[in-house]
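Subject: Structure handover and notes

Hello,

I am passing on the structure we spoke about. Please open it first and read the notes below alongside it.

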Amino acid sequence: MQDKISQYTREIQAFKPASAEELETFRIKFLGTKGLIKDLFDEFKAVSPEEKRVLGKVLNEFKKQAEEKYQFLKDQFASDTGTQAADLDLSLPGEGFETGARHPLSLVRREIIEIFKKLGFTVAEGPEIEDDWHNFSALNFPEEHPARDMQDTFFVKKDAVNGDIALRTHTSSVQVRMMENGKPPFRAIMPGRVYRNEAISARAHCFFHQVEGLYVDRNVSFADLKQTLFYFVQEMFGEGTKVRFRPSYFPFTEPSAEMDISCTICGGAGCPMCKYSGWVEILGCGMVDPNVLENCGIDNAEFTGFAFGMGIERITNLKYQIKDLRLFSENDVRFLKQFQSEII
Ligand code: DAH
């Protein structure tokens, strides 16, 4: 037994594993439940009591040595990244990061801004909580106009100086602020969120987004309005998209019109989207009413202007064929991730 122990000791001392597998073979060979050390202990049972006294110590010492050597090598393998790297395939792709996606309304708003920027329009913003003057009175809304009604407007409070304070019902209020605070010429678009007291459904929401446009200068005509919006439509919906203007009424423009474009789905042939008319409405517009210019301190004998207002949801629906407005505010990533744009 002594000889065996000496031989095994030499073997263990000389052992230099090249891999974790070799170390494991070593463990099984010496320390395993059917290993050599177990055999030695079995043999040990049969030796004489005198020998036991000597051999017991030697055997225990040997076992301890084997266990320590094994533990030492095992720790070394665990911390030795150089050896571990052999199992690592660095050419494999890393774990992917889940990235977010731009909201389709943000994409379309950016696209609208980019188009009007090319025509020299700047971008302006105004507050979402507005007073009666900026949202209604300055825009020539008569006192009893139904849009001031509780049904449409979320009133916030009554202010002693400013009267009714409400969530703005349209971005036309920003026109007023812009004209009051500056000097013509004005050429700007004003994107923003607006609020209306409406029941939420697939076709209506209590908040949505608009882009207001204002162009005031000397000699601005309806022809300028038409050409500007025509250009916008070609850029937004593609060359060849037709436009038509229908007479309409807004308190703040005279004359007023609504603009339709040839249906983006059927191209004018007729489909459920355009209710088989071939046309879909996309915005309201007109020549700024002289009263509005006057209310904002602009000389209406010297300056004329045009204005327009469009819903971003509407444009987005037409561009991406989204049929339910509620999808825009649910923040379902599966919905949001479907939209890509050239404009990041
Ligand atoms: N403010 C209108 C609305 O919310 C949209 C609008 C129509 C804006 C005509 C304009 C305009 O500037 O000229 O329905």
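Predicted model: local features only at pLDDT ≥ 70, side-chain atom pairs only at ≥ 80, totals over all residues.

Residues are numbered from 1 along each chain as its sequence is written, and side-chain values use heavy atoms, with hydrogens and water left out.

The ligand

The ligand sits in the largest pocket. A pocket here is an open set of points on a 1 Å grid over the protein atoms alone, where a 1.4 Å probe fits, with protein on both sides within 12 Å along at least five of seven lines. To sit in a pocket, a molecule must have more than half of its atoms within 2 Å of the grid points. Helix H8 (172–181) and strands S6 (207–217), S9 (279–288) and S10 each give two or more residues to the shell around the ligand. Helices (H or I, at least four residues) and strands (E, at least two) are DSSP runs, numbered from the N terminus.

There are 15 residues around the ligand, and those that come nearest are His-170, Ser-172, Arg-196, Gln-210 and Glu-212. A residue counts as near if one of its heavy atoms lies within 4 Å of the molecule.

Gln-210 has a polar side-chain atom 2.9 Å from an oxygen atom of the ligand, and for Gln-175 the distance from a side-chain N or O atom to a ligand oxygen is 3.3 Å. Taken alone the ligand exposes 360 Å², and the protein buries 89% of that. The areas come from the Shrake-Rupley method with a 1.4 Å probe; for residues, only the protein chains shown count as cover. A polar contact is a pair of N or O atoms within 3.5 Å; within protein, one must be able to donate a hydrogen and the other to accept it, and residues adjacent in sequence count only if both atoms are side-chain atoms.

Strand S10

Gly-309 is found in strand S10, which covers residues 304–311. Is Gly-309 buried, exposed or partly exposed? Gly-309 is partly exposed because its relative accessible area is 23%, where buried means under 20%, exposed over 50%, and partly exposed in between (1.4 Å probe, protein chains only). Neighbours within four places in sequence aside, Gly-309 is in contact with Val-211, Glu-212, Leu-283 and Gly-284; contact means heavy atoms within 4.5 Å. Between Gly-309 and Leu-283 there are 26 residues in sequence, but the C-alpha to C-alpha distance is 5.8 Å.

Helix H11

The buried residues of H11 are Ile-312, Glu-313, Ile-315, Thr-316, Asn-317 and Leu-318. Thr-316 has its place in this helix, residues 312–320, and has a relative accessible area of 0%. Beyond four places in sequence, its contacts are Pro-104, Leu-105, Val-108, Gln-321, Ile-322 and Phe-328. After H11 comes Gln-321, with a positive phi near 55°.

Backbone points to check

Most residues other than glycine have a negative phi, and most peptide bonds are trans. Pro-184 and Pro-185 are joined by a cis peptide bond with omega about 5°, and Pro-185 lies in the loop between H8 and strand S5 (186–195). The bond from Glu-254 to Pro-255 is also cis, with omega near -5°; Pro-255 lies in strand S8, residues 253–262.

Asn-140 has a positive phi near 75° and is found in the loop between helix H7 (132–135) and strand S3 (155–159). Asn-140 is touched by Asn-295, a residue of helix H10 (290–295). Lys-275 has a positive phi near 50° in the loop between S8 and S9, and counts as exposed because its relative accessibility is 62%.

Thr-241

Thr-241 is found in the loop between helix H9 (222–237) and strand S7 (243–250). Thr-241 is buried, since its relative accessible area is 10%. A polar atom of its side chain lies 3.4 Å from the backbone oxygen of Phe-237.

Regards

How values were computed
1 Å grid on protein atoms, 1.4 Å probe; cavity = no way out; pocket = protein on both sides within 12 Å on 5 of 7 lines; lining within 4 Å.
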